[in-house]
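Hello,

Here is the structure I promised to pass on. Please open it alongside this message; my notes follow below.

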Amino acid sequence: MKAAVLRIAGGAENFSLEELVLPAPLKNEVLIKIKAFGLNRSELMTRKGLSPDVRFPRVLGIECVGEVENDPSGILAKGQKVAAFMGGMGRDFDGSYAQYTVVPTDIIIPFESTLSWEILGALPEMFQTAYGSLYRALKIKSGETLLIRGGTSSVGLLALQLAKKAGLFVISTTRSENKRDLLLANGADEVLIDNGNLAGTVKNKNQFKIDKVLELVGTTTLQDSFKTVVNGGAVCMTGMLSEQWSIAEFVPMDYIPATVNLTVYDSGQIRIEAVHFQEFVKDIEKGFIKPAIKRIFNLDEIVAAHHFMESSSGGGKIVVLP
């Protein structure tokens with residue numbers, strides 16, 4: 001099979017397209033014929049060597065969609081459509097930057113759909129992250145006001161649509177005035193230009209009483225995001241678009257405002273049930289949700305795809321077809 005192998009961390013040019021032996025699934029594993037996969041910022045960080053637990057050589061890729069090629073247990077029939085994501089995929093064992101992959105059964109979601117592989121490839125991790133952040137971490141409720149920081153990212157755009165469908169008033173942010181129309185087209189009730197001091201912007205707009213914040217930029221803006229919410233509000237840090245893992249000299253009593261709650265969402269720890277993913281796919285088929293896809297590449301264009309991800313400023317998911 002063809003695979004994009006990363007033998008040493010560094011630039012995108014370190015990927016090499018190689019022919020590897022088709023892997024054989026063991027007990028409680030499934031061989032998947034990959035039809036599409038989305039690119040993720042975490043893979044960019046791993047490629048750069050910022051994921052200390054990842055050992056090379058490695059086939060990256062934390063998610064994919066495809067068809068079952070071989071399930072030794074006989075539970076999943078050959079040809080069954082499946083999604084797989086996280087659970088060590090592309091980090092502890094080889095992932096989706098390939099034509100086939102072997103993954104543990106417990107990270108697989110079987111589903112049915114008439115959607116194209118190009119669309120399906122954008123969905124698994126994006127849905128898990130957006131849905132989990134909103135419903136599991138922030139526990140959103142109809143009538144609340146939600147601020148999405150990093151709104152033009154693929155997760156930000158999907159979270160915006162899911163929150164609007166749930167009856168929330170949604171304020172989304174971008175650093176570029178040119179992205180305002182993109183956010184409005186995806187359903188934003190209000191767009192704020194992020195100058196690094198959103199707390200000051202919100203304070204000057206007395207009509208905004210923000211209940212929840214979905215923080216997708218990360219540690220560099222987290223403290224400012226805390227200052228935008230009402231007493232008893234909540235901030236969920238999910239994304240790290242800033243590519244910075246930690247906060248220097250973190251002093252909780254100074255950093256977190258009294259009564260404001262901090263939570264995180266990580267699909268590697270909390271997985272959304274398969275029934276919700278199937279419902280989500282059906283909502284797309286019916287036109288209720290329109291996932292933003294920015295560009296599609298082939299596997300032999302993986303270097304160009306990573307360059308594009310690194311230079312891109314959001315606007316949708318990048319999908320690769322093996």
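The strand order in the open sheet is β10-β9-β8-β11-β12-β13. That makes 6 strands, with parallel pairing. Please keep in mind that this is a predicted model.

The edges are β10 (190-193) and β13 (261-264). Each has a single partner strand, so one side of each is left without a neighbour in the sheet. From one strand to the next, the twist averages 20 degrees.

Now look at β8 and β9. Strand β8 covers residues 145-149, and strand β9 covers residues 169-174. The two run parallel and are joined by 4 bridges. Within this pair, Ile148 stands opposite Ser172 in β9.

A helix sits on this sheet too. Helix α4 (residues 154-165) packs on it and touches β8, β9 and β11 (210-215). The direction of α4 makes about 170 degrees with that of β8.

Then there is Gly38, which lies in strand β3 (residues 29-38). Is Gly38 buried or exposed? Gly38 has a relative accessible area of 0%. The cut-off for buried is under 20%, so Gly38 counts as buried.

Which residues does Gly38 contact, leaving aside its neighbours within four places in sequence? They are Glu43, Glu63, Gly121, Lys317, Ile318 and Val319. Take Ile318 from that list. In sequence, Gly38 and Ile318 are 280 residues apart. In space, their C-alpha to C-alpha distance is 5.7 Å.

Best wishes

Key
Residues numbered from 1 in each chain as written. Predicted model: local features only at pLDDT ≥ 70, side-chain atom pairs only at ≥ 80, totals over all residues. Heavy atoms only, no water. Pairing = 2+ DSSP bridges. Axes fitted to C-alpha atoms, helices over the stretch in contact; angles between N-to-C directions. Contact = heavy atoms within 4.5 Å. Buried < 20%, exposed > 50% of the residue type's maximum accessible area, 1.4 Å probe, protein only.
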